[in-house]
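Here is a colleague's note on the model, point by point. Please read it with the coordinates open.

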Amino acid sequence: MPEKFIKHTVLFIVFLFFAVLSLQARPMLEEDVYLDAMQTFNEKKYKEAAVKFDDFMKKFPKSSYRPNILLKQAELADDFFEKKELYEKVILEYQNTEYEAEAVYSLGRAYYARNDHASAGKYLLAMLQKHSNTFWIEPSYYYLFLSLSARKKYKEAENIYRDYNLSLIHISEPTRPY
């Protein structure tokens with residue numbers, strides 16, 4: 001009996017060893033690589049995240065995560081023209097999506113940060129016209145208003161402010177049945 005027990009124990013240990021070894025040797029799945037890169041980004045390790053995003057794009061160029069990665073790469077780009085190119089790629093390749101809306105807004109913000117208020121206004125106005133039902137609409141109004149004000153286009157800024165106020169949904173208190 002002890003001999004049989006030892007034999008089974010040894011076989012179990014050998015099996016366990018190879019099972020662990022095979023798990024360590026398995027290539028990371030696309031989602032694992034994406035989540036690892038995003039975790040690094042969220043931990044504010046931006047240089048390391050940029051490398052992981054680049055590696056991801058090389059390994060998985062047709063990934064469903066591609067628009068997210070392009071947006072993060074643009075966000076991390078120090079060079080304005082690299083940033084602009086990445087945002088324009090998203091705008092072109094993911095038309096009529098939330099990705100496009102984020103890229104249009106972000107490109108408008110990038111121009112605003114460069115004090116190119118005319119170009120910022122162009123992209124931010126496009127947000128209001130094409131992507132009025134997105135998360136990015138309120139900050140688009142804000143930066144468009146600032147861009148118009150910086151260009152001393154006060155009447156247009158006033159109109160944008162009025163449009164914004166009219167677009168707000170005012171929810172009144174529910175009426176009580178008594």
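1. **A serine in helix H6.** Ser-106 sits in helix H6. Helices here are DSSP runs of H or I with at least four residues, strands are runs of E with at least two, and both are numbered from the N terminus. Ser-106 is buried, at a relative accessible area of 13%. Buried means under 20% relative accessible area, exposed means over 50%, and partly exposed lies in between (1.4 Å probe, protein chains only). Ser-140 is 34 residues from Ser-106 in sequence. In space, the two C-alpha atoms are 9.3 Å apart.

2. **Basis of the note.** This is a predicted model; local features need pLDDT of at least 70, side-chain atom pairs count only at pLDDT 80 or more, and totals for chains, interfaces and linings use all residues. Residues are numbered from 1 along each chain as its sequence is written, and side-chain values use heavy atoms, with hydrogens and water left out.

3. **Overall make-up.** The chain has nine helices and zero strands. Read from the N terminus, the order is α-α-α-α-α-α-α-α-α. Of the 178 residues, 34% are buried. Among contacts (heavy atoms within 4.5 Å) with a separation of 6 or more, 42% join residues 24 or more positions apart. Areas come from the Shrake-Rupley method with a 1.4 Å probe, and for residues only the protein chains shown count as cover.

4. **A buried glutamate.** Glu-100 is also in helix H6, which spans residues 98-113. Is Glu-100 buried or exposed? Glu-100 is buried, with a relative accessible area of 4%. Leaving aside residues up to four places away in sequence, Glu-100 touches Val-90, Ile-91, Tyr-94, Gln-95, Lys-130 and His-131.

5. **The partner of Glu-100.** Side chains of opposite charge can pair when their charged atoms come close. Lys-130 and Glu-100 form a salt bridge, N to O 2.9 Å. This pair links distant parts of the chain, with Lys-130 in helix H7 (residues 117-130) and Glu-100 in helix H6, 30 residues apart. Lys-130 is partly exposed, at a relative accessible area of 41%. The rule for a salt bridge is a side-chain nitrogen of Lys or Arg within 4 Å of a carboxyl oxygen of Asp or Glu. How many salt bridges does this rule give? The count comes to nine.

6. Glu-48 and Lys-52 form a salt bridge, N to O 3.5 Å. Both lie in helix H3, four residues apart, about one turn of the helix. Glu-48 is partly exposed, at 40% relative accessible area. In helix H9 (residues 154-167), Arg-162 and Glu-158 are also four residues apart, about one turn. Their closest N and O atoms are 3.1 Å apart, in a salt bridge. Arg-162 is partly exposed at 38% relative accessibility. Glu-158 is partly exposed as well, at 40%. Salt bridges that share partners join Asp-36, Glu-48 and Lys-52 into one network.

7. **A negative surface patch.** Which residues form the negative patch? They are Asp-54, Asp-55, Asp-78, Asp-79, Glu-82 and Glu-85. Helix H3 (46-59) and helix H5 (80-93) each give two or more residues to this patch. Asp-78 lies in the loop between helix H4 (66-76) and H5. Asp-78 is exposed, at 77% relative accessibility. Patch residues have over 30% relative accessible area and no salt bridge, with like charges joined within 9 Å. Asp and Glu count as negative. The place of the charge is CG for Asp and CD for Glu.

8. **Positive phi in two loops.** Lys-44 has phi near 65°, a positive value in a residue other than glycine. Lys-44 is in the loop between helix H2 (30-42) and H3. Lys-44 counts as exposed, at 59% relative accessibility. Asn-115 also has phi near 65°, again positive in a residue other than glycine. Asn-115 is in the loop between H6 and H7. At 58% relative accessibility, Asn-115 is exposed.

Note on methods. Patches are made of residues with over 30% relative accessible area and no salt bridge: like charges are joined within 9 Å, nonpolar side chains (Val, Leu, Ile, Met, Phe, Trp, Tyr) within 5 Å.
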